[in-house]
Amino acid sequence: MTGKGNGVWVVFFLILVGTLAGCTQPYYGYPGPRLPETETALLVPDVGVKIYSINGNIVNIKHESASGLMKTTRAILRPGNYQMVLVPQHITSVKTFTELQVALAANRQYRARIKRNIGGNSNGREYELWVENVASGKVVSDIGTSANPFRQ
């Protein structure tokens, strides 16, 4: 193969990798054909929080700015009540989590949120996590707390 032929393959490979790096996929929390937005709810995580599981199914949904190929950045769910496990993403030494009960309505967008350093003097060791309606700001879940057990 000539040097020019190798260059073409290198360019093709770089384009392919760049395309895959930007690809994201939704998690569909229901079986069967895809439903219209009017019959589903959209759930996305904020920066710093990962949706680890929904009703016991591990989904690992991360904010769109998180690195990784073919990552899941959103969940499309039927209206209803869900049990979710949320994890603070900025803790590197140990992962803590909180379980929440969440109520979702059709044709709405929701965001999993995180607030660091609750309690005033915790130096970033405790976190509040919850889910809220994007349009109204209304909290539609429990407000859970999570703390790094090695920094108590």
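Author: Apart from neighbours within four places in sequence, V131 has contacts (heavy atoms within 4.5 Å) with L43, L100, V102, Y110, R111, A112, K138, V139, V140 and S141. The model is predicted, with local features requiring pLDDT of at least 70 and side-chain atom pairs pLDDT 80 or more, while totals for chains, interfaces and linings use all residues. Residues are numbered from 1 along each chain as its sequence is written, and side-chain values use heavy atoms, without hydrogens or water.

V131 belongs to the largest nonpolar core, a set of 23 residues; such a core joins buried Ala, Val, Leu, Ile, Met, Phe, Trp, Tyr and Cys through side-chain atoms within 4.5 Å. Together with L43, I51, I54, L77, M84 and L104, V131 touches the most other members. At least two core residues come from each of β2 (41–45), β3 (49–54), β4 (57–61), β5 (71–77), β6 (80–88), β7 (98–104), β8 (108–116) and β9 (126–133), strands being DSSP runs (E, at least two residues) numbered from the N terminus.

Strand β4 also contains N60. Its relative accessibility is 31%, so N60 counts as partly exposed (buried is under 20%, exposed over 50%, partly exposed in between, with a 1.4 Å probe and protein chains only). Beyond four places in sequence, N60 is in contact with K50, I51, Y52 and T72; I51 is one of the core residues named above. The side chains of N60 and K50 also form a polar contact of 3.2 Å. Between N60 and V87, 27 residues apart in sequence, the C-alpha to C-alpha distance is 9.5 Å. A polar contact here is an N or O pair within 3.5 Å, in which, within protein, one atom must be able to donate a hydrogen and the other to accept it, residues adjacent in sequence counting only if both atoms are side-chain atoms.

Definitions and conventions:
Helix = DSSP H or I, 4+ residues; strand = E, 2+ residues; numbered from the N terminus.
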